[in-house]
Amino acid sequence: MSEDRKRSYDDDNQQFPRKERRTGKVIKVLCPYYCTGAVIGTKGAAIDQIKVESGTNIQVSKGAARFPKTDERVIAISGDLDGQMKVINFVQTKIRTEKPSPQAKGVKLDRVDARKSVCKLVVSDSSIGKLIGKGGANVNKLKDDHGVKINMMKSNDATPGLNERIVSVEGEDKAVDSCIAEIVKEVFDDERANMDYNLDYNNFQPTEGTMTGGTAETRGTEEGMKEVMETKVTTETMAARWLQQLRWKLWQ
């Protein structure tokens, strides 16, 4: 059996079954790539313990698989409402208290500090409308009741074919936790909500040609073409003016 088939988590050579049976409803929370090792723990000890304590199944996306357009790995949680909240609180505690792993590359400390005040859930498209409410009534009430900032991914920013969006809550720890608890309950009670527990996010990663702004080479080509077109227009304009002046002189 290959190494990839042995692992669902690939931090520090930890080995777990790749897929587990889903039991109960599914909620997902994002975790920065540099913090996932702390969530999993040495030889999976931390994540095994929270599974037992919460009575949930937990699936962490493989190291290279991130939620599209982010540097965040996806933690899928399947179980009852109380169990889901225990796992989310566990993940948030790790994000707030743990230092980035020495093996993590490209970590910017200012972003690490800013990320500590944010909790990012992944919910189904069908849940977004319920959370926003008519004219934004529901989300505005959440903001006012808990004193937090809430950002919900717009449909234009969603990844085609992926019926999931990010809900970010930012503020003081206790305020964020209470707001997240209310949101998770709303999602849990939403009968239309349905997310794939074993989803492979590698299937939704943008290619270089489709990424916003394009690659450096693409941008260079686009800028070069723009310059050529501008030069062409300028040349044609000057020629037209010269021809007009020549005709005027001949007419005189």
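## Starting point: disulfides

A disulfide is taken here as a pair of cysteine sulfur atoms within 2.5 Å. With that cut-off, a search of the whole structure turns up 0 disulfides.

Cys-35 counts as buried, with a relative accessibility of 2%.

## What you are looking at

Please keep in mind that this is a predicted model, in which local features need pLDDT of at least 70 and side-chain atom pairs count only at pLDDT 80 or more, while totals for chains, interfaces and linings use all residues. Residues are numbered from 1 along each chain as its sequence is written, and side-chain values use heavy atoms, with hydrogens and water left out.

The protein chain has 9 helices and 6 strands. These are DSSP runs numbered from the N terminus: helices are H or I with at least four residues, and strands are E with at least two. Of the 252 residues in the protein chain, 40% are buried. Among contacts with a separation of 6 or more, 74% link residues 24 or more positions apart; contact means heavy atoms within 4.5 Å.

## The sheet

In what order do the 6 strands sit in the sheet? They run 2-3-1-4-6-5, forming an open sheet with antiparallel pairing. Two strands pair if DSSP finds at least two bridges between them. Strands 2 and 5 stand at the edges with a single partner strand each, so one side of each has no neighbour in the sheet. From one strand to the next, the twist averages 25°; angles run from 0 to 180 degrees between N-to-C directions, and axes are lines fitted to C-alpha atoms, for helices over the stretch in contact.

Strand 1 (residues 25–32) is joined to strand 3 by 8 bridges in the antiparallel sense, and Val-26 stands opposite Ser-78 of strand 3. Strand 5 has Ile-150 and Met-152 on its covered face, with Lys-149 and Asn-151 on the uncovered one.

## Helices 6 and 7

Two packed helices are described by the angle between their axes and the distance between the axes. Helix 6 (residues 125–132) and helix 7 (residues 137–146) pack at about 65°, with their axes 4 Å apart. They are therefore roughly perpendicular to each other, a label given to angles of 65 to 115 degrees; under 35 is roughly parallel, over 145 roughly antiparallel, and the rest oblique. Lys-130, Leu-131 and Ile-132 of helix 6 meet Ala-137, Asn-138 and Val-139 of helix 7. By class, this contact has 4 nonpolar, 1 polar and 1 charged residues. Ala, Val, Leu, Ile, Met, Phe, Trp, Tyr, Cys and Pro count as nonpolar, Asp, Glu, Lys and Arg as charged, and the others, Gly among them, as polar.

Asn-138 is worth a look within helix 7. It is partly exposed, at 38% relative accessible area. Setting aside its neighbours within four places in sequence, Asn-138 is in contact with Lys-130, Leu-131, Ile-132 and Gly-133.

Most residues other than glycine have a negative phi. Lys-43, in the loop between helix 2 (36–40) and helix 3, has a positive phi near 55°. It is exposed, at 73% relative accessibility. Lys-69 lies in the loop between strand 2 (57–60) and strand 3 (72–79); its phi is positive too, near 70°. Lys-69 is exposed, with a relative accessible area of 59%.

Finally, is Val-52 buried or exposed? It belongs to helix 3 (residues 45–54) and is exposed, with 69% relative accessible area. The C-alpha atoms of Val-52 and Gly-83 are 9.7 Å apart, although 31 residues separate them along the chain.

Conventions: Buried < 20%, exposed > 50% of the residue type's maximum accessible area, 1.4 Å probe, protein only.
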